[in-house]
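I opened this entry to record what I looked up.

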Amino acid sequence: MLYFRLNANYLAAAFVALYFLSRFFFKPSINTVKTHHAPSSSTIYKGTTWWSDRTVAVRTVAETSFARCDIHTVVSEDGQKVFNDWIFLEEVNAVNIVVQTAEGKFVVFKQYKYAVPGETFSPVGGFVDDGEHPWTSAKREVLEELGLGSSATLERVNTNFGNRDDRFRNDPKRMRNVVIDIIQHDAIQPTFDEFDIPEGHIPTSDDPDWVFLGRYRTAVNRGGGFTYLY
């Protein structure tokens, strides 16, 4: 794990730019994606199947519990052609979080990715569990990977467990369980937009340390999961 300093405005601008680029490439109409969240018939892949009024058929080529490769038969936008070889990727939705410490440092992991040559720097991230709001996923991942939480989470710990002795507070495992209980207690139900895609917005003033930067689709016109940025 590494700490480094970076201008927060530049970092936020980069994520916002990525978000709006994805919006440019992914502009479905309501009529096109009314029923895209069709349940998956697979017993392996845990996600849903993208299906719209332009989808004729879906054939699965390979799959795991977190991802699947399909071949879609798709009608063109003008309805004049049919494509029988539209490779489409299904992935479980995920979150990425830019974590800034109270000292103004940003936290990243030094990693080696299978599909990226050389050494990489990765933000905190992980999959969204079934039925989980992306913001709850983000808070859970920050806790699981870093053992950290926002100042509001710390205040909840102090309020609810302020009478515990120092032995309790100095036990990382026990304090971790306390914070997990708080996150689960404060978890909110997922909401969906007009396209039936999960939203990532944070309820107003619930936690001022958290900022939702946007949502993008990893493979754009070839599918992929939706990644939520915080």
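This is a predicted model: local features need pLDDT of at least 70, side-chain atom pairs count only at pLDDT 80 or more; totals for chains, interfaces and linings use all residues.

Strand 5 (residues 94–97) and strand 11 (residues 226–229) pair in the parallel sense, over three bridges.

**Strands 2 and 3**

I moved on to another pair. Strand 2 (residues 55–63) and strand 3 (residues 67–75) are antiparallel, and seven bridges link them. A hairpin of three residues joins strand 2 to strand 3. I found E63 opposite R68 in strand 3.

R68 came up again when I turned to charges. Its side chain meets that of D70 in a salt bridge, at 2.8 Å from N to O. Are D70 and R68 buried or exposed? Both D70 and R68 are buried.

**Nonpolar cores**

I noted the background first: in soluble globular proteins, nonpolar side chains tend to be buried together. Here the largest nonpolar core has 19 residues. I listed the residues with the most contacts inside this core: I97, V99, V124, W210, Y228 and Y230. Strand 5, strand 7 (106–112), helix 2 and strand 11 each supply at least two residues of the core. Which element gives the most to this core? I found that helix 2 does, with four residues.

I also found a second, separate core of seven residues. Among its members are L143, V157, V179 and I182.

I182 is in helix 5 (residues 172–186). Why do I call I182 buried? I call it buried because its relative accessible area is 6%, under the 20% cut-off. I also looked up its distance to R156: the two C-alpha atoms are 7.6 Å apart in space, while the residues are 26 apart in sequence.

**Salt bridges**

I wanted the count for the model. There are six salt bridges.

I looked up E132 and R140. They form a salt bridge, with the closest N and O atoms 2.9 Å apart. E132 is buried, with a relative accessible area of 15%. R140 is also buried, again at 15%.

I then took D193 and R215. Their closest N and O atoms are 3.1 Å apart, and the two form a salt bridge. What does this pair tie together? D193 lies in the loop between helix 5 and strand 10, and R215 lies in strand 10, so the pair ties together parts that are 22 residues apart in sequence. D193 and R215 are both buried.

Last, I traced shared partners. Salt bridges that share partners join D129, E132, R140, E141 and E144 into one network.

Methods: Residues are numbered from 1 along each chain as its sequence is written. Side-chain values use heavy atoms; hydrogens and water are left out. Two strands pair if DSSP finds at least two bridges between them. Buried means under 20% relative accessible area, exposed over 50%, partly exposed in between (1.4 Å probe, protein chains only). A nonpolar core is a set of buried Ala, Val, Leu, Ile, Met, Phe, Trp, Tyr and Cys residues joined through side-chain atoms within 4.5 Å. A salt bridge is a side-chain nitrogen of Lys or Arg within 4 Å of a carboxyl oxygen of Asp or Glu.
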